[in-house]
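User: I would like to learn how to read the architecture of a model such as this one. Please take the features in turn, giving the general idea before the particular case.

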Amino acid sequence: MNELCLVPVGSVSRQALDWIENAAAEWFPFPVQRLPALDIPETAFDPKRKQYQSIEIMKMLAQTAPPHSRRILGVTEVDLAIPMLSFLFGQAQFDGPVAIVSLCRLHQEFYGLPAQESLLRERTVKEVLHELGHTFGLVHCSDPACAMSLATHIGLVDSKAERFCERCGLHLVQRFSREEEV
Amino acid sequence: MKKNWPILVVDDEDVMCESMAAWLREDGYRVDTAPDGRKAVELARSADYAICFVDLKMPGGMDGIETMMEIHRIRPDASIIIITAYATVDTAIQAMKEGAQEYIVKPCNPQEISMLVSRILKLKKLLSENAILRKKLTRQYRHHDVITKNPRMEEILSLTQEISSLRSTVLIRGESGTGKELIARAVHFSGARAEKPFITVSCAALTETLLESELFGYEKGSFTGAVGQAKGKFELADGGTIFLDEIGDISPKLQADLLRVLQERRFYRVGGTQEVEVDVRIIAATNKNLAEEVQQGRFREDLYYRLNVIEIRLPSLRERREDVPLLAEHFVQRISSELGKDVSGISADALKLLIDYDWPGNVRELENVIERAIVTCHNGTLDQQDFSWLQQPSGQSPSWEVPDVPLGELERRAIVAALERKHGNVKEASTALGIDRSTLYDKLKRYEISH
């Protein structure tokens with residue numbers, strides 16, 4: 001059980017998956033394995049809201065996880081939500097194995113603006129670090145520049161850096177070594 | 001910190017409960033979920049939820065409003081946020097009327113809900129701090145909160161009652177931590193001046209010039225930075241009491257100024273030409289022996305007699321050991337509730353250790369020791385192990401006072417004492433004094449000590 005599995009849910013560009021794989025490999029000392037794409041479960045679609053319930057997708061990811069996986073990170077282009085909230089950039093099982101990131105609202109086009117590849121890459125990396133951080137027991141950080149700070153709109157995603165603050169970084173290092181001991 | 005504010009999510013839809021709980025856990029909260037009102041009430045009986053998100057429409061059994069009312073009955077301080085899928089004014093009004101703190105229509109913006117939760121918790125934190133501070137203040141003001149069964153302390157308490165309505169100056173003497181300010185407050189708050197200000201000034205904390213302007217105020221332009229006129233503590237205490245702590249540390253000039261206030265109840269602001277008249281009761285406190293300070297010429301005799309109209313000498317905690325168990329139990333109850341820790345008492349062994357200890361820092365030290373033990377304690381009772389760090393200094397009085405004698409005399413006395421303790425054994429005495437044997441012999445010769 002040592003791999004970080006990256007799973008496209010629905011169609012996701014190879015380029016985005018490359019960005020994610022590189023970022024994950026940089027911050028998390030586990031081999032990253034890219035798994036074949038999964039279809040989006042029909043049960044996740046909410047026809048009224050035209051969005052997808054993240055919990056349903058996370059359940060599917062947990063069920064289909066290979067036995068060797070340490071963490072499963074789903075990536076999707078569809079717009080995620082939960083019944084209570086109008087949207088989510090991503091969601092994770094706190095201190096658990098599954099996380100999902102949606103690229104839908106990270107595209108400039110979503111806000112009626114021209115596409116900007118470098119910005120999309122930055123946002124994607126920040127959200128991936130954030131959700132994976134939760135799976136390793138990190139809660140939201142009060143440092144607005146830390147990847148673990150809570151972003152409730154795209155402006156807050158942009159004001160974060162593509163890194164963890166010193167305190168969250170230290171937590172991760174300690175956590176990695178504990179997991180290695182187990 | 002957030003773990004101290006547990007949250008409950010009540011909704012018949014599993015996906016709603018799970019997803020909301022997952023989102024809040026990412027923010028560091030401890031979250032429980034309940035699929036119906038009955039389970040929610042059951043959970044609320046055992047956990048003190050700070051916030052409960054309750055769905056308005058839950059099929060069968062209790063609906064959101066009924067659930068909210070029942071939770072409120074058990075946990076009146078819990079903030080209830082009613083969730084509904086439909087925005088109808090009538091339901092909103094009904095929910096708020098029944099005591100809901102907020103009403104939200106799902107789905108709502110993540111920012112909205114994040115701000116709502118932090119706003120409610122901020123308010124709760126303020127309210128709980130406020131309650132603790134109020135409790136602290138009220139406690140300090142009341143006579144019956146001076147905990148004692150020591151006859152000397154009981155005499156002092158009845159004396160404070162008797163003198164509370166007089167204007168006579170009071171001088172309170174006692175070691176640090178014996179509760180001098182507590183007694184001063186007791187005098188003030190049980191007398192006719194209770195509704196008027198009680199102003200405390202720590203005389204040792206300020207330099208002469210600062211203390212002068214602090215006590216008497218200043219006029220605009222009287223020194224650099226005096227941009228306007230400012231009232232001093234004497235003026236602020238008008239009609240009430242001024243408590244001058246550590247009075248033995250004030251300079252000769254201030255002693256003269258203070259004497260004038262005591263005699264005439266009038267003074268000038270720094271840089272002022274107009275006299276200010278005040279009606280203030282003065283209570284002074286010191287841990288020094290002022291009579292000795294007078295003899296040594298460091299404290300004005302006339303001021304000493306002006307201050308010492310009514311003298312109260314507070315016993316040290318060593319002199320009232322019978323109060324240690326009472327005080328310790330009191331601090332355990334108060335501090336564990338303030339810190340939110342489930343500690344209910346002290347074991348007999350631990351209590352014996354506390355009674356035997358000499359308490360150089362007196363009641364304040366006991367309070368701090370209990371607080372430290374509660375913070376690090378993992379059981380419901382404080383035992384001996386929780387105080388293992390409390391070391392009694394051996395063979396030496398904890399309140400060792402250095403007599404005002406030449407340094408050489410101090411050295412001579414230390415050598416004599418060491419020889420006495422070591423029954424004349426020069427080798428052991430030199431080790432105890434931290435010097436070698438030949439040095440000790442030299443000193444014995446110099447001070448003409450025979451052994």
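User: What order do the 5 strands of the open sheet in chain B have, and is the pairing parallel or antiparallel?

Analyst: As a general idea, the strands of a sheet pair through backbone hydrogen bonds, in either a parallel or an antiparallel manner. In this predicted model, the open sheet of chain B runs in the order 7-8-11-6-12, and its pairing is parallel. Strand 7 (198–202) and strand 12 (310–313) of chain B are the edge strands, each pairing on one side only. From one strand to the next, the twist averages 20°.

User: Over how many bridges do strand 6 and strand 12 of chain B pair?

Analyst: Strand 6 of chain B, residues 170–173, pairs with strand 12 in the parallel sense over 4 bridges. Within strand 12, B:Ile310 stands opposite B:Val170.

User: What does the secondary structure of chain B come to?

Analyst: Chain B has 18 helices and 14 strands. Of its 451 residues, 31% are buried. Among contacts between residues at least 6 apart in sequence, 69% join residues at least 24 apart.

User: How many residues of chain A are in contact with chain B?

Analyst: In general, the size of an interface is often given as the accessible area lost when the parts come together. Here the description is by contacts: 19 residues of chain A are in contact with 21 residues of chain B. On the chain A side, helix 2 (54–63), strand 6 (80–82), strand 7 (85–88) and strand 8 (90–92) each supply at least two residues. By class, that side has 10 nonpolar, 9 polar and no charged residues.

Definitions and conventions. Residues are numbered from 1 along each chain as its sequence is written. Chains are lettered from A and ligands numbered from 1 in the order in which they are written. This is a predicted model: local features need pLDDT of at least 70, side-chain atom pairs count only at pLDDT 80 or more; totals for chains, interfaces and linings use all residues. Two strands pair if DSSP finds at least two bridges between them. Axes are lines fitted to C-alpha atoms, for helices over the stretch in contact, and angles run from 0 to 180 degrees between N-to-C directions. A residue is buried if 20 or more other C-beta atoms lie within 10 Å of its own, exposed if 12 or fewer, and partly exposed in between; C-beta atoms are placed from the backbone. Two residues are in contact if their C-beta atoms, placed from the backbone, lie within 7 Å. Ala, Val, Leu, Ile, Met, Phe, Trp, Tyr, Cys and Pro count as nonpolar, Asp, Glu, Lys and Arg as charged, and the others, Gly among them, as polar.
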